[in-house]
Amino acid sequence: MRVLLIGANGYIGRFVADRLLADPAVQLTALGRGDDADVRFDLATGSPGALTRFLDAVHPGVVVNCAGATRGGARELTRHNTVAVATVCEALRRSGCGARLVQVGCSAEYGPSQPGSSTAEDAVPRPGGPYGVSKLAATELVLGSGLDAVVLRVFSPAGPGTPAGSPLGRLAEAMRRAMQSGDGELRLGGLGAQRDFIDVRDVARAVHAASLSAAQGVINIGSGRAVRLRDAAATLARVAGYGGALHELDGPPGALRPTIGHPRTESVAHRVDALGHHRADSLGHHRPEAQGHRAEAEHAAPVSYPYPDGCGSWQQADVRTARDRLGWRPRIALEESLADIWMEAACRI
């Protein structure tokens with residue numbers, strides 16, 4: 001099976017490449033913007049005609065698209081997440097290769113969910129920010145292309161290689177700095193959000209399974225269990241052997257602000273918001289704050305704007321479709337993912 005992998009150098013793409021290369025039946029070709037790609041091609045600026053000529057020459061049976069942007073303004077996100085996918089779809093329509101398309105989407109396409117609920121594939125998407133909108137537009141392009149295609153909506157990936165700008169990456173970096181400087185107390189913000197974390201190696205397994213299957217449409221890839229970030233922080237501290245106290249800097253409006261761990265009297269040097277929010281601390285040091293207003297505690301409807309990913313306070317995947325149509329289940333527990341995140345962070349001490 002010839003597979004063309006787009007975005008092999010990205011966070012998810014690297015693990016997808018490893019997984020596909022481990023299959024002796026797969027002949028892998030990597031296409032991307034980097035010098036180490038087998039073929040250099042920029043989907044955001046390249047023409048569908050040029051990509052079509054390449055597809056006709058290589059004649060892949062499967063095209064896997066892991067490429068995209070997670071940061072930047074609406075124009076950049078649209079260019080790399082939507083226009084790029086339009087190029088792929090048009091090239092595949094023009095080509096005679098008849099390749100199957102596996103598109104890696106994301107849970108930000110759904111937007112915020114009702115706390116306690118599991119989001120299934122038939123949920124009405126209501127993305128809460130430009131990133132989710134750009135990825136949802138890409139999904140709609142794939143679904144309306146008439147191609148043999150499947151979109152994997154990946155929830156919150158974790159594990160080795162986790163970007164430093166992600167919530168778990170921020171937690172690990174804050175803990176590393178605290179341990180390096182000998183601080184016995186760490187204050188963390190934004191820990192009230194609950195996310196469905198899925199190990200990136202399990203995501204790669206899902207992509208491999210989708211490449212071999214005949215499943216079409218949208219399929220959720222997650223653990224099926226929402227985890228509060230404060231609980232992930234406590235697990236990370238245990239894995240890291242951090243003996244200091246973890247204090248929650250803020251919490252939901254009107255809620256108590258519990259201390260995680262045992263209170264200490266040492267000076268506080270690190271105050272980190274795991275979801276990217278920042279405020280002026282008690283010493284008057286001003287830090288940028290994400291735009292938007294806080295939701296009132298009494299609001300029953302999910303609200304997205306206090307959270308940079310646009311997913312509100314809760315996300316949890318319904319993963320029954322992945323089980324039934326791909327034969328896929330998550331294998332790697334969050335504690336193992338956190339241990340791998342910490343191992344990489346600890347190497348910087």
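The accessible surface of the chain comes to about 15,600 Å², of which 51% belongs to carbon and sulfur atoms (Shrake-Rupley method, 1.4 Å probe; for residues, only the protein chains shown count as cover). This is a predicted model, in which local features need pLDDT of at least 70 and side-chain atom pairs count only at pLDDT 80 or more, while totals for chains, interfaces and linings use all residues. Residues are numbered from 1 along each chain as its sequence is written, and side-chain values use heavy atoms, with hydrogens and water left out.

Of the 349 residues, 52% count as buried (under 20% relative accessible area, with a 1.4 Å probe and protein chains only). The chain has nine helices and 15 strands; these are DSSP runs numbered from the N terminus, helices being H or I of at least four residues and strands E of at least two.

A nonpolar core is a set of buried Ala, Val, Leu, Ile, Met, Phe, Trp, Tyr and Cys residues joined through side-chain atoms within 4.5 Å. Two such cores are listed below.

| Core | Size | Residues included |
|---|---|---|
| Largest | 32 residues | Ile 12, Val 16, Val 64, Leu 152 and Ile 221, those with the most contacts inside it |
| Second, separate | 29 residues | Leu 43, Val 58, Ala 91 and Val 142, among others |

Beyond its neighbours within four places in sequence, Val 16 is in contact (heavy atoms within 4.5 Å) with Leu 5, Val 64, Cys 66, Ala 204 and Val 207.

In helix 2 (residues 48-58), Gly 49, Leu 51, Thr 52, Phe 54, Leu 55 and Val 58 are buried. Their cover includes strands 1, 2 (27-32), 3 (39-40) and 4, together with helix 3 (74-94). Just after helix 2, His 59 takes a positive phi of about 55°.

Conventions. Buried means under 20% relative accessible area, exposed over 50%, partly exposed in between (1.4 Å probe, protein chains only).
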